[in-house]
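Q: I'd like to go through this structure with you. Can we start with how helices cross?

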Amino acid sequence: MEPWTPDWTKSPHSMGTTIMALQYDGGVILGADSRTSTGAYVANRASDKITCLTDYVYLCRSGSAADSQIISDYVRYFLNQHTIQLGRPATVKTAATLVRELSYQNKSFLEAGLIVGGWDKYDGGSIYAIPLGGTALKLPFATGGSGSSYLYGFLDQAWKEGMSKEEAEALVVKAVSLAMARDSGSGGVVRTVVINEQGVTRNFYAGDKLPLWHEEIPRQNSLLETFTEAEPMRT
Amino acid sequence: MLLEGSNRRIHSVHRHAGMAMAGLAADGRQIVSQARGEANSYLSNYGEEIPIKELCDRVASYVHLCTLYWWLRPFGSAALLGGYDRDGPQLYMIEPSGVAYRYFGAAVGKGRQAAKTEIEKLNLSEMTCREGVIEVAKILYSVHDEAKDKAFELEMSWICDESNREHQRVPADLLEDAKAVAKAALEEDMDAD
């Protein structure tokens with residue numbers, strides 16, 4: 001009989017994850033949570049799931065951490081060569097096509113749900129969702145990862161065309177934090193990346209600064225505080 | 001005696017690009033074949049139509065390749081590559097040495113010196129494509145030497161906003177108009193002497 005070992009000693013790193021991207025008037029906003037889990041163990045509680053492909057195109061990664069990283073490494077390499085050869089920045093469509101080709105042609109080996117988002121001078125801000133099978137869908141907004149299930153209805157109602165940058169970023173943070181509240185595979189902090197003609201801006205939203213939703217309790221620093229509270233909690 | 005349309009010198013490379021060949025026709029067809037392959041593989045790999053400059057660079061590299069090895073002979077033809085991509089309409093000429101430059105007006109073949117002189121007289125920046133068709137026909141008829149050269153068939157294609165940025169043969173009625181104007185211009189010149 002094999003001695004029992006916890007599943008997190010054997011499981012590959014997977015990113016439970018909530019990732020999303022949405023178009024606003026002038027560019028795109030990419031958002032993600034920061035939890036990387038190995039089974040039930042949180043291997044990294046502050047991971048950065050939004051990776052740079054080119055100066056103006058970024059990739060949101062979900063699924064197997066290894067698979068999504070290797071895809072992003074290959075595509076970054078191809079795009080770099082392509083940019084040098086072409087003499088101008090690559091378009092978002094080209095980046096998405098390269099990601100899609102790798103994903104589709106190796107579909108039996110890979111498990112990665114990806115969202116490509118960026119800005120180019122021909123089409124402005126664009127988002128391409130590339131889920132598991134390797135299909136590429138151009139959309140005004142997209143979600144991925146285990147937490148995405150909780151966002152489809154929410155975004156169908158909340159997304160509007162032509163939002164301002166501030167409105168759009170607030171919507172991304174709200175959506176990711178909603179998913180983090182319900183999905184055990186998502187958590188930690190919210191990272192956003194804003195991409196437009198002017199360039200790229202990275203933002204960070206600490207876990208305790210995020211809004212609390214239904215039945216979420218405020219964060220306590222230690223159990224000692226709980227036990228020595230003036231007003232004990234009542235059930 | 002030659003069947004009209006059986007000696008095509010203009011070929012489509014992709015929806016947005018076409019090539020005209022001068023020199024050995026069979027060599028020219030090989031260059032076109034290579035260009036088509038490059039355009040298709042770019043579309044497969046990158047999801048977009050190949051930019052004309054990139055297509056030109058790739059074809060020029062291939063033509064140059066055939067000048068590097070003793071067991072290959074250089075191409076016996078030059079190609080005029082015309083296309084319309086996101087950066088606008090562009091014209092490139094690829095020579096047998098593998099050198100390629102961008103032009104606003106170019107000519108290859110036996111009458112190229114005379115043709116280039118005529119092109120330089122034109123005001124290209126203010127000409128529409130339609131007007132250009134007429135001018136090109138006039139030039140081709142005027143450089144054709146009645147005494148030395150055989151009878152020729154005029155073949156023209158264009159790629160412009162009017163053709164929806166697609167490479168296609170100039171519509172038959174416009175071609176006939178162009179030929180008529182060109183022949184009339186020739187008569188005038190002869191009469192002027």
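This is a predicted model: local features need pLDDT of at least 70, side-chain atom pairs count only at pLDDT 80 or more; totals for chains, interfaces and linings use all residues.

Q: Okay. Which hand is the crossing of helix 1 and helix 2 of chain A?
A: Those two helices of chain A cross in a right-handed way.

Q: What angle do they pack at, and how far apart are their axes?
A: Helix 1 of chain A covers residues 65–86, and helix 2 of chain A covers residues 92–105. They pack at about 135 degrees. Their axes are 10 Å apart.

Q: What do we call that arrangement of helix 1 and helix 2 of chain A?
A: Oblique. Angles over 145 degrees count as roughly antiparallel and 65 to 115 as roughly perpendicular. The angle here is about 135 degrees, so the two helices of chain A are oblique to each other.

Q: Which residues meet there?
A: From helix 1 of chain A, Ile71(A), Tyr74(A), Val75(A), Phe78(A), Leu79(A) and His82(A). From helix 2 of chain A, Thr94(A), Ala95(A), Leu98(A), Val99(A) and Leu102(A). By class, this contact has 9 nonpolar, 2 polar and no charged residues.

Q: On to chain B. How do helix 1 and helix 2 of chain B pack?
A: At an angle of about 130 degrees, with axes 10 Å apart. Helix 1 of chain B and helix 2 of chain B are therefore oblique too. Their crossing is right-handed.

Q: What classes of residue make that contact?
A: The contact of helix 1 with helix 2 of chain B has 9 nonpolar, 3 polar and 3 charged residues.

Q: And helix 3 and helix 4 of chain B, what angle there?
A: About 145 degrees, with the axes 9 Å apart. This crossing is right-handed. Ala114(B), Ala115(B), Glu118(B) and Ile119(B) of helix 3 meet Ile139(B), Ser142(B) and Val143(B) of helix 4. That contact has 5 nonpolar, 1 polar and 1 charged residues.

Q: New topic. How many residues of chain A are in contact with chain B?
A: 13 residues of chain A touch 10 residues of chain B. The area buried between the chains is about 1000 Å². Carbon and sulfur atoms give 45% of that area.

Q: Which three residues supply more than any other three of what chain A buries?
A: His82(A), Gln85(A) and Tyr122(A), with 35% of the area chain A buries against chain B. His82(A) also sits in the contact between helix 1 and helix 2 of chain A.

Q: How many salt bridges are there between chain A and chain B?
A: The count is 2. Arg86(B) forms a salt bridge with Asp123(A). Their closest N and O atoms are 3.1 Å apart.

Key: Residues are numbered from 1 along each chain as its sequence is written. Chains are lettered from A and ligands numbered from 1 in the order in which they are written. Side-chain values use heavy atoms; hydrogens and water are left out. Axes are lines fitted to C-alpha atoms, for helices over the stretch in contact, and angles run from 0 to 180 degrees between N-to-C directions. Helices (H or I, at least four residues) and strands (E, at least two) are DSSP runs, numbered from the N terminus. Angles under 35 degrees count as roughly parallel, over 145 as roughly antiparallel, 65 to 115 as roughly perpendicular and the rest as oblique. A crossing is left-handed if the near helix is turned anticlockwise from the far one by less than a right angle, and right-handed if clockwise. Ala, Val, Leu, Ile, Met, Phe, Trp, Tyr, Cys and Pro count as nonpolar, Asp, Glu, Lys and Arg as charged, and the others, Gly among them, as polar. Contact means heavy atoms within 4.5 Å. Buried area is the accessible area (1.4 Å probe) that two parts lose on being put together, summed over both. A salt bridge is a side-chain nitrogen of Lys or Arg within 4 Å of a carboxyl oxygen of Asp or Glu.
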